[in-house]
Amino acid sequence: MKIWKAIAAATALTLVSFSAIAHDYKAGDLTLTHPWTRATPPKAKAGGGFVEIVNTGSEGDRLINVSSDVAGKTEIHEMAVTDGVMKMRKLEDGIEIPAGETVTLKPGGLHIMFMGLNQSFEEGATVPVVLTFEKAGDVTIELSVAKMGAKSMDSDKMDHSNMDHGKMDHSKN
């Protein structure tokens, strides 16, 4: 009986370890973690993609292209406030990934832009994307699809950002 418990524990540990690294990708000195996107409504024409890129090397690299079969066009974009106006633009020269630094593609900033979606993104599914770097080359990743409107991949955690904590009764009854 003890041997079966040991086998079950080892199997569970293996599955947990595998799931912990399932969303990490390596290319040269780059590690790509937490790739995700948001679910889209059925007839949506666009969507965004997000990932964290860590450069552990001594030389910089550059994300120069993104591609995916899920959209008519896939580009590298930046969202920024200029003169009080939120603007989104394609980054023609890509994104610099400096040596020893982390660059995060996230909502409201640098991101992958999918235009002319061929299908909606369904929560719980994955979206395949190829990232092309100057030095590290092509890396195929899978973006996990979070719930619609998610601000991060941790969409199951409660979002306290819009709560008015001043009106909450914190007294003990």
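I begin with Ser67, whose bridge partner in strand S10 is Val130. Strands here are DSSP runs of E, at least two residues long, numbered from the N terminus.

This is a predicted model, in which local features need pLDDT of at least 70 and side-chain atom pairs count only at pLDDT 80 or more, while totals for chains, interfaces and linings use all residues. Residues are numbered from 1 along each chain as its sequence is written, and side-chain values use heavy atoms, with hydrogens and water left out.

Strand S4, residues 61-67, pairs with S10 in the antiparallel sense over four bridges; two strands pair if DSSP finds at least two bridges between them. S10, residues 126-133, also pairs with S11, again antiparallel, over eight bridges. Three residues lie between S10 and S11, which form a hairpin. Within this pairing, Thr132 stands opposite Asp138, and Thr126 stands opposite Ser144.

What is the bridge partner of Trp36 in S11? The partner is Ser144. Strand S2, residues 30-38, and S11, residues 137-146, pair in the parallel sense over three bridges.

I turn now to His111, in strand S9, residues 110-117. His111 counts as buried because its relative accessibility is 6%, the cut-off being under 20% relative accessible area with a 1.4 Å probe and protein chains only.

Thank you.

Technical notes: Buried < 20%, exposed > 50% of the residue type's maximum accessible area, 1.4 Å probe, protein only.
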